[in-house]
Amino acid sequence: MSPTDAKDARIAELEAQLAERDERITQLMALVGALTQRVAELEQRLAQNSSNSSRPPSSDAPGSARPGKKPTGKRPGGQPGHKKHERRLVPPEAVQHFVELVPTQCQKCRRRLVGRDTEPRRHQVVEVPPLSAIITEYRSHALECSECGTVTRQPVPAHARSAFGDRLGALASLLVGKYRLSKRLVKDALSDMLGVELCVGSVVNLEEEMAEALVPAVAQAAQSVQSATPVHADETGWVEGREDGRGKRAWLWIVATARVALFHIAPSRGGKVARALLGEDFTGFLVTDRWSGYQWYDAGLRQICWAHLTRDFQGFIDRGGKGGRLGKKLMRQRNLFFTWYHRVRDGTLTRQDFEKRMREVEREVGRLLRRAVMRAEKKTAGMAREILQWEKCL
């Protein structure tokens, strides 16, 4: 092989190595880009909390800063000169026992003291009575008629035919329903606190009796909600029983007015549940989040919850960039809305003036959201686009 041929072969070999390395660099750069994007997504997820996402406050990390409050530099706890907060004394007519503490001699010279203080210092101790079950035994006697020989037994009254009384049933239902104790823990708690021995099946029976007793009250609450305006509706995940060894997924719904809150547990999160709770004839204003289960309702009578919008705008701000700057402007419009709304509520601004001022807020919010769709980063733009789908409900 001539020197020229050897040189050409070496050049070809180096070019092949360079092409292979270029290809490898391209692959690695693509991998770095994908991992960088993944890290950014994970950092955004770590930065999520109840102030900038739909996560509940209970999911916030311990010790995390409360949203909306800036550090003051003051030490934690009560500040010098703050208004003193003490436990309020109950009125004398609500006190069951009085203990009069009257001094009999002077603490200095030991001379005997007589008389009473007209305004003694009051100190109250709250205690519960010894817990024990009250057991009532019904003795149903049978007597034979001397005329015809028929034996008649006096029956147990209808209200006493259950082995457990109403208050015990209410307590068991409260522990299961509100405090979310398992049936077995309720059984153990009643045994430990009251000395009442019952089985898990009895706890279930007491729940069913309570549910049946509450049917008229629930129907009355539903009727009140369906005839009210405005009504707030929401739903959240719930565990109802077990399936295949795991908690069975269900949904806890609520429809609420200023006076009534109606809860309902359903296996579905669909719009049919909301329709059933609100009634087919409901025509009031409905305040919800952006869940599609409420999409069936007239957009002109629906209001998107501003607490959810506040979290979304805060999410824009926390993600930063162009979307963050737009988020700050959206938050300013949100603050204007609440400032004026509170004045209407306090009577310092008329409803008519409020509605006039809000027209500019509506236009500005729409304009900023459209700008976010066009110019903001991908996630922020997507959220702005989603909010704009419900613009008629803002």
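## The annotated span

In this predicted model, residues 171–370 are 56% helix and 18% strand.

## Strand 3 and its two partners

Take strand 3, residues 231–243, and look to either partner. With strand 4 (residues 246–256) the pairing is antiparallel, and 10 bridges hold the record of it. One of the pairs to check is R242, whose bridge partner in strand 4 is G247. The two strands form a hairpin with 2 residues between them, and there D244 takes a positive phi near 55°.

The other partner is strand 6, residues 286–288, which runs parallel to strand 3 and is joined to it by 2 bridges. Here V231 of the pairing stands opposite L286 in strand 6. While you're looking at the strands, keep in mind that in a regular strand the side chains alternate between the two faces of the sheet.

## A positive patch

Which residues form the positive patch? They are K322, R325, K328, K329, R332 and R375.

Which helix gives the most to the positive patch? That's helix 8, residues 321–346, with 5 residues. K329, for instance, has its place in helix 8.

How values were computed:
Residues are numbered from 1 along each chain as its sequence is written. This is a predicted model: local features need pLDDT of at least 70, side-chain atom pairs count only at pLDDT 80 or more; totals for chains, interfaces and linings use all residues. Side-chain values use heavy atoms; hydrogens and water are left out. Helices (H or I, at least four residues) and strands (E, at least two) are DSSP runs, numbered from the N terminus. Two strands pair if DSSP finds at least two bridges between them. Patches are made of residues with over 30% relative accessible area and no salt bridge: like charges are joined within 9 Å, nonpolar side chains (Val, Leu, Ile, Met, Phe, Trp, Tyr) within 5 Å. Accessible areas come from the Shrake-Rupley method with a 1.4 Å probe; for residues, only the protein chains shown count as cover. A salt bridge is a side-chain nitrogen of Lys or Arg within 4 Å of a carboxyl oxygen of Asp or Glu. Lys and Arg count as positive and Asp and Glu as negative; His and the chain ends are not counted. The place of a charge is taken as NZ of Lys, CZ of Arg, CG of Asp or CD of Glu.
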